[in-house]
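Please view the sequence and the structure together while reading.

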Amino acid sequence: MLLDKLPGISILNSYRILARTVSDKVKQPDQELIRNAFKFAHRAHKEQKRLSGEPYITHPLAVAQILAEQSLDSTTLAAALLHDVVEDTRFGESAVRESFGDEILGLVKAVTKISTVKKDTAALNRENRFVLKEKEAAENIRLMLLATAKDVRVILIKLADKLHNMRTLKYQKPEKVERIAREVLNIYAPIAGRLGMFRIKSELEDLAFESIMPEEYKTISDSLKQSRSDLESFLNKVKKIIQQRLLEINIKADVKARAKHIYSIYQKMEINDKKLSEIYDLRGIRILVDDMKDTYGALGIVHTLWPPIPGRFKDYIATPKSNGYQSLHTTIVAPDGKPLEIQIRTHDMDETADHGIAAHWIYKSEVSSAPPDVERMKWLKRLSKMVDPSEDTGEFIQGLHDELTPNEVYVFSPKGDVIDLPEGATVLDFAFRIHTQVGLCCRGAKVNDRMVPLRTELKSGDRVEVTTDKSPNPSANWLRYLKSSKARQKLRQYFRSLEEDEIKAASASDTQSHPAPADGKKIENLKDFKDLRIRRKETRDPTRVPIEVAGAKDIPVRYAGCCSPVPGDRIVGFITRGRGVTVHKADCHHIPSDDDNKDRIISVRWEGLTEKYPVTIEVYARDRQGLYLDMVAGITKTYTNILKAEADIPRNGTDNMTARFLLEVEHVDHLLEIIESLMGVDGVIRVERIQEKKQGGAHL
């Protein structure tokens, strides 16, 4: 076989390096399969060149090399060598199937299908002279998630493909460089991180950062080089001290200096508004031991050598991160008086930290029988469920961003299962994470055996138990409490399904889908709540709650699919030429904000849902220091105006108190939200609404 030559190294030598890596790192390697895949790919790509001028075969060879270093199985490596054959050469699917079988063809097709989206969309853009970059990216990601849910190796090949492309990004046109690099920072590097593949994640981030902000990258890189010798000398002294003390208690350990990658340093500087010299965890030590029990033994030694900094210890061994990462983290005051972060874990945990889900292939003895990485597969399955073609692109991208870049809290179910949630997540988020139906039917919750409101934010270590009704009865207000975009998506889908059912029913009965009563008669889709003055919706269907447009009730409206407003949301109208008024959520980013369109924005409101009514409530509680202020805080955080307030001071040795509040309330869900908030205040026994006949004199 004739092989084109590269400057200084031949294609054959590149293949030999791959073969050696496979022999060293891959369990039960199939060298013949990999050799045949290389020959096939070389023949298919023989006349093709990369933008760098190199033979195209250098790219699939590099992708396979990256995956071999991650110890991926031979089937995956063969698919990596062939991943561009069907898309870019005259050899079709039948040729790949005939030579390598259905499994490898399936992987090649999955990777090819993702790449084809960009080509098809680019052609459409040229033809119609407009750009669909956001939709193109979203569709590309949707396909990738669907394929990955079926076989995780698809995303591993795609990450390796993206990494080699980033290594050669300088050959791309300048206008493409930033777009590609930002896609890597926003999508591919976070995916690698969520899969626990930190080695690939770090390199992707640094390469993208260097492409987007070359001056900032060079400044940090040069500064690190200048201080490297002093830092290495200091860390070597610390390493020797730790190693000596561990040997004294018979703990065998490898102690290494830990380098921080450049993009991570830049992020810390930006977030904390600090100079490079003020970032102390540039310095780090990693201690690797053989057994889990030795991790805690090593931690004890470290804390006897130097004082730990309070609040900086994290045990990711007892409670691993959702990407499977396990380690002990502590920060101590080093001999030079400055903070020093120390990580302690086993060698296996270190492999997992570097390789993530790919470490699954490192430890298995038989390729076909080893179980998958359960926790990461759960996350991938959850992520794939975000793929809803009817969902707004912006909502999908935001949801993906929330999933990929979380600050997480870890809570426990009553059975002791660990549930990861985004920082700021509430009890409702927990309910929806357990199951969509649990979320929709949720009516109450306990956190650490104490009743709390559904909007209560959770902290790591909380034990959460929810109670449910037999059938769904969600409130539109819940959208304000949900931190997880996935949970918000499920709730909106529920409201949309109600709307669709109502539209179908209205169509079947040949009636108007949007009645707007203007004669002052009773509105049938609202019912009384004790006195006619606070009204409650029988349905969450927007088409069943009349809308006033600039004060008028008989103007036809339609509801924007981009933000799916529901009763209770703050809304605005946008005059659509030829289609009447479209109702959007007030914060919808699809509403045009330029000067040419500002006159088309019009005031609208849910009829009967924004008028405020005076309501008196009475709160019974066990008195304690600061109780009254906590009650006031519990009310005000529901965005409620307090018109008047008073409290009875406990007398005659009793420790019970009664407080009364006159409040401005919009509708029954608002009132229930207030009551729920007050019941979450420590010491509150019950909350009651006071009727008109009871009000008078000193009772408001």
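## Basis and terms

Two strands pair if DSSP finds at least two bridges between them. Helices (H or I, at least four residues) and strands (E, at least two) are DSSP runs, numbered from the N terminus.

The model is predicted: local features need pLDDT of at least 70, side-chain atom pairs count only at pLDDT 80 or more, and totals for chains, interfaces and linings use all residues. Residues are numbered from 1 along each chain as its sequence is written, and side-chain values use heavy atoms, with hydrogens and water left out.

## Four-stranded sheet

Four strands make an open sheet with mixed pairing, in the order S14-S16-S15-S17. Strands S14 (557-559) and S17 (601-602) are at its edges; each has a single partner strand, so one side of each lacks a neighbour in the sheet.

S14 and strand S16 (residues 580-585) run parallel and are joined by three bridges. Arg 558 lies opposite Thr 582 in S16.

## Three-stranded sheet

An open sheet with antiparallel pairing has the strand order S9-S8-S10. Its edges are strand S9 (450-452) and strand S10 (464-468), each with a single partner strand, so one side of each is left without a neighbour in the sheet. From one strand to the next, the twist averages 35°, an angle between N-to-C directions, on a scale from 0 to 180 degrees, of axes fitted as lines to C-alpha atoms.

Strand S8 (residues 442-447) runs antiparallel to S10, with five bridges joining them. Ala 445 has Val 466 in S10 as its bridge partner.

## Helix H12

The buried residues (under 20% relative accessible area, 1.4 Å probe, protein chains only) in helix H12 (residues 262-272) include Ile 262, Tyr 263, Ser 264, Ile 265, Tyr 266 and Met 269.

Terms used. Buried means under 20% relative accessible area, exposed over 50%, partly exposed in between (1.4 Å probe, protein chains only).
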